[in-house]
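The sequence and structure come first.

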Amino acid sequence: MKKKIAVFANGWSDEYLDFALKGIQKRAEEDNIDVFIFLIYPTYEMEERTLKAELNILNLPQLQKFDGVLLLGNTLTVGGELGILREKIEDAKVPAVCLEYEVDGIDCIRTENTNGMIELMEHMITVHGVKDIYWVGGPRDNPESQIRYQAVIDTMEKHGLKVDPDRYLDGQWSYYTVQGLMAELIPKLDKLPDAFICANDVMAMGVCLALEKAGIKVPEDVKVTGFDNLPSGNYFSPILSSVDRGWKERSYQATEYLIELMKGKPGVKDTVYNSHFFAGESCGCSVDEERLKIQRDACRKTYSVPIERTIFDWHLVDIDDSVAGVGETDDLHESFAKLWESKHDYEGDEFYICLDQAFIDSIEQDSQRRTVGYSKNVDLIYGMKNGKTIPRRTIPTKDMVPEYDPDSDKTAVYLLAPLHRSGYCAGYLVFKNNYKLIKDYYLNSFIRHIASGLSRGRQNIRLEILNKVLNDISVRDELSGLYNRMGYEKIAIPYLDSLRSEKKKSVIMVVDINLMKEINDKYGHLQGDMAIKIVANAIKESIPEGWKAVRYGGDEFVIIGEYGLSENMEAIKEDINSYIHHYCKELSLPFSVSVSIGYVVISPDNDLRNEEYFRMADEAMYEMKQNLHKKDKE
């Protein structure tokens with residue numbers, strides 16, 4: 001049976017992954033070893049429940065069934081993933097190597113952070129006369145960023161210069177974070193520093209663009225340097241001065257080292273390679289013709305890349321549309337088959353969508369979904385092999401990859417990524433021998449659309465099931481599809497009472513159609529009914545899953561829901577109005593529809609009666625309506 005290696009990495013590091021995975025695959029192919037890459041997309045800004053759902057895929061593989069584990073350690077520092085994985089590796093007693101990051105008890109292959117940064121600073125000081133700088137670092141507690149910063153401080157002190165600790169921007173490794181920090185900093189500067197020294201290329205490019213936006217030229221007015229020597233830094237203008245870490249070589253060497261451990265060779269705990277500085281245009285140096293050619297080739301793509309992205313976005317829309325009308329679980333399989341049998345350029349000829357059994361059960365029975373771990377089985381809701389759809393079926397979760405061949409004479413590389421929504425596990429995606437989505441930076445968008453589509457499909461199916469039940473007990477308003485007054489009394493109010501008894505924040509929203517009498521009088525009651533349907537559909541599309549919406553009267557609606565941290569009532573109001581406008585335009589109605597909306601948030605510690613909160617929301621709605629009438633008269 002073939003050997004198997006598990007690789008863990010953060011998918012946000014697209015360019016790094018493109019290099020690293022090629023090196024890993026190259027070495028794995030030499031011994032016909034299969035590679036299973038578990039990708040996660042955590043960020044520092046994620047809500048805790050979303051972060052837990054993202055990291056849940058770390059619970060998927062049974063590491064004792066693998067022959068070795070490779071951690072791309074410098075990418076696994078956001079949500080405690082290295083600690084989680086170290087414990088699992090220790091329990092499984094499996095050989096492991098961490099690339100670019102030191103972890104207790106695990107052998108490490110890394111490029112040091114000091115020498116290249118010293119070379120960079122020596123160049124900046126001795127060649128360009130740099131004396132005062134701003135440091136743009138990763139998170140302050142990140143060891144790599146700390147080491148690079150210390151190298152800057154030490155080199156400056158060697159030349160009798162000091163680094164002002166107040167000139168420190170915590171860029172979080174993020175282009176967008178740096179853009180915001182620079183926008184705040186630039187207007188406050190009395191004079192520019194000689195240089196911005198950045199802990200990675202992504203932040204360096206963010207600094208350059210922020211300076212350019214403010215009319216400051218790089219390198220004429222101020223110099224900028226990065227670290228990592230990303231391909232995008234060579235595509236950039238000016239071409240970045242940076243530190244190269246030999247990523248492809250390191251990943252090959254780390255895989256080589258892991259294979260030797262798997263064969264029983266004793267480890268040496270820590271193997272360190274030097275980093276090296278490469279001067280570029282952003283520090284004021286000229287570059288060789290090869291790097292200029294790389295930049296010119298990238299410039300030629302400025303036309304094709306947006307077009308390619310637009311075409312990919314169309315594909316995402318097709319995915320969204322494929323699940324829009326599902327009414328039962330089998331429809332998901334059939335809709336995906338119809339979509340991907342005609343076109344699967346991005347997905348490749350072999351990929352699988354595996355849904356956790358608890359997620360499937362929650363569709364059909366409204367049972368509890370999982371937040372941690374996976375069920376015993378997963379539902380292969382869709383699979384494609386050799387470009388053809390395979391039947392839907394259930395497989396044991398421990399098998400992970402449907403149709404896996406442990407005796408193949410060719411190395412297979414599998415990408416596995418988590419599917420989740422609102423903190424709940426939905427399952428995972430599997431791609432075989434397909435780097436396209438990573439190389440083109442599309443994978444995260446693809447994953448999110450699949451997860452969103454499945455969540456929407458689940459909601460559609462649940463609504464379909466509930467409709468049948470609710471029709472039997474006459475709590476559904478026939479015209480709008482929302483609850484009627486009986487549904488208000490039997491479902492919405494008990495739901496509100498349960499939220500209050502559980503000490504959860506809740507909200508009551510009242511929606512009233514403006515000028516409804518004029519629509520009925522001028523265009524007839526059929527058109528009036530259409531206005532009611534439009535508003536009801538807008539409410540359904542806009543409110544969070546689980547909220548209860550009621551057609552309370554002729555043209556008045558009541559919405560009740562749990563008021564969580566992620567809920568933004570003003571955004572929901574805007575969404576309702578936006579959907580109404582969209583539907584009216586799509587249907588080419590001879591009249592416009594608008595609504596007045598009022599709401600009140602109910603605190604857990606407030607003991608006013610429900611009726612009083614309803615009155616307060618109703619008054620807020622009428623106040624909005626009166627203001628609209630005043631504007632109309634003006």
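## Nonpolar cores

A nonpolar core is a set of buried Ala, Val, Leu, Ile, Met, Phe, Trp, Tyr and Cys residues joined through side-chain atoms within 4.5 Å. The model discussed here is predicted. Its largest nonpolar core has 65 residues, and the members that touch the most others are Leu-72, Trp-340, Ile-353, Leu-419 and Phe-446.

Beyond its neighbours within four places in sequence, Phe-446 contacts Phe-312, Leu-316, Ile-319, Trp-340, Glu-347, Leu-429, Phe-431 and Leu-437. Another core, of 51 residues, lies apart from the largest one; Val-510, Ala-536, Ile-539 and Ala-549 are among its members.

## Overall fold

The protein chain contains 19 helices and 22 strands. Its C-alpha trace spans about 80 × 65 × 50 Å along the principal axes. Of the 634 residues, 54% are buried. Among contacts with a separation of 6 or more, 74% join residues 24 or more positions apart.

## Surface and charge

The accessible surface is about 29300 Å², and carbon and sulfur atoms hold 48% of that area. There are 77 positive and 104 negative side chains, with the centres of the two sets 1 Å apart.

## Helix H16

Helix H16 runs over residues 516–523, and its residues Met-516, Ile-519 and Asn-520 are buried. These three lie on the same side of H16, because they cover an arc of only 95° around the axis. Strand E19 (506–513) and helix H17 (525–542) are included in what covers them.

Lys-517, Asp-521 and Lys-522 are exposed on the other side of H16. Just after the helix, Gly-524 adopts a positive phi of about 100°.

Conventions
Residues are numbered from 1 along each chain as its sequence is written. This is a predicted model: local features need pLDDT of at least 70, side-chain atom pairs count only at pLDDT 80 or more; totals for chains, interfaces and linings use all residues. Side-chain values use heavy atoms; hydrogens and water are left out. Buried means under 20% relative accessible area, exposed over 50%, partly exposed in between (1.4 Å probe, protein chains only). Helices (H or I, at least four residues) and strands (E, at least two) are DSSP runs, numbered from the N terminus. The arc is that of the directions from the helix axis to the C-beta atoms. Contact means heavy atoms within 4.5 Å. Accessible areas come from the Shrake-Rupley method with a 1.4 Å probe; for residues, only the protein chains shown count as cover. Lys and Arg count as positive and Asp and Glu as negative; His and the chain ends are not counted. The place of a charge is taken as NZ of Lys, CZ of Arg, CG of Asp or CD of Glu.
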